[in-house]
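The briefing below is arranged by topic, and is meant to be read alongside the sequence and the coordinates shown here.

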Amino acid sequence: EMDALFDFSGMKDGQELLAKVYINGEEDASWRKLVTWESGTDGSYVLPLAIAYSDTFVLTSGSYFVEIYIDGQIAAEGNFEVLPE
């Protein structure tokens, strides 16, 4: 599995959270996640981005970049690498 883990403050239930995932510099729209926020104002959050690794789902090696938007405004970003086997 691949999750975005983050701490938050100042959120309001009902806001829209959108996550976009870029692989090697190009957005893969199949990874987009749109969530209506219902987790309160402050705390920690786990946003599942990908299902568990299996014979049918394999993370492609490369550079991954994740953007998190709140109500259409960029709120956070981060990146990681998946190395080839």
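In this predicted model, the largest nonpolar core has 20 residues, and those that touch the most other members are Leu 17, Val 21, Trp 31, Leu 47, Leu 49 and Ile 68. Strands β1 (2–8), β2 (16–23), β5 (43–50) and β6 (62–70) each supply at least two residues of this core.

**Core**
- Leu 47, one of the core residues that touch the most other members, is in contact with Met 2, Asp 3, Ala 4, Phe 6, Leu 17, Ala 19, Val 35 and Ile 68, when residues up to four places away in sequence are not counted.

**Aromatic pairs**
- Because Phe 6 lies in strand β1 and Tyr 45 in strand β5, the pair ties together parts of the chain that are 39 residues apart in sequence.
- Phe 6 has a relative accessible area of 21% and is therefore partly exposed, whereas Tyr 45, at 17% relative accessibility, counts as buried because buried means under 20%.
- Another tilted pair is formed by Tyr 22 and Phe 65, with 6.1 Å from centre to centre and 55° between the planes; this pair also links distant parts of the chain, as Tyr 22 is in strand β2 and Phe 65 in strand β6, 43 residues apart.
- Of these two partners, Tyr 22 is buried with a relative accessible area of 18%, while Phe 65 counts as partly exposed at 28% relative accessibility.
- Ring pairs also link Phe 6, Phe 8, Trp 37 and Tyr 45 into a cluster.

**Charged side chains**
- The count of salt bridges comes to one, and it is formed by Glu 27 and Arg 32, whose closest N and O atoms are 2.5 Å apart.
- Glu 67, placed in strand β6, is buried yet has no salt bridge, and the nearest side chain of opposite charge, that of Lys 20, is 5.0 Å away; a salt bridge would need the nitrogen to be within 4 Å of a carboxyl oxygen.
- The side chain of Glu 67 does make polar contacts, including one of 3.0 Å with the side chain of Tyr 22 and one of 2.7 Å with the side chain of Tyr 69.
- Leaving aside residues up to four places away in sequence, Glu 67 touches Leu 18, Ala 19, Lys 20, Tyr 22, Ile 74, Ala 76 and Glu 77, so that Lys 20 is a contact of Glu 67 within 4.5 Å by some pair of heavy atoms although no salt bridge is formed.

**Loop glycine**
- Gly 72 is found in the loop between β6 and β7 (73–82), and with a relative accessible area of 58% this glycine is exposed.
- Gly 72 and Leu 18 are 54 residues apart in sequence, while the distance in space from C-alpha to C-alpha is 7.7 Å.

How values were computed. Residues numbered from 1 in each chain as written. Predicted model: local features only at pLDDT ≥ 70, side-chain atom pairs only at ≥ 80, totals over all residues. Heavy atoms only, no water. Core = buried A, V, L, I, M, F, W, Y, C linked by side-chain atoms within 4.5 Å. Buried < 20%, exposed > 50% of the residue type's maximum accessible area, 1.4 Å probe, protein only. Helix = DSSP H or I, 4+ residues; strand = E, 2+ residues; numbered from the N terminus. Phe/Tyr/Trp six-rings, centres within 6.5 Å; stacked < 30°, edge-to-face > 60°. Lys, Arg positive; Asp, Glu negative; His and termini not counted. Polar contact = N/O pair within 3.5 Å; in protein donor to acceptor, adjacent residues only side chain to side chain.
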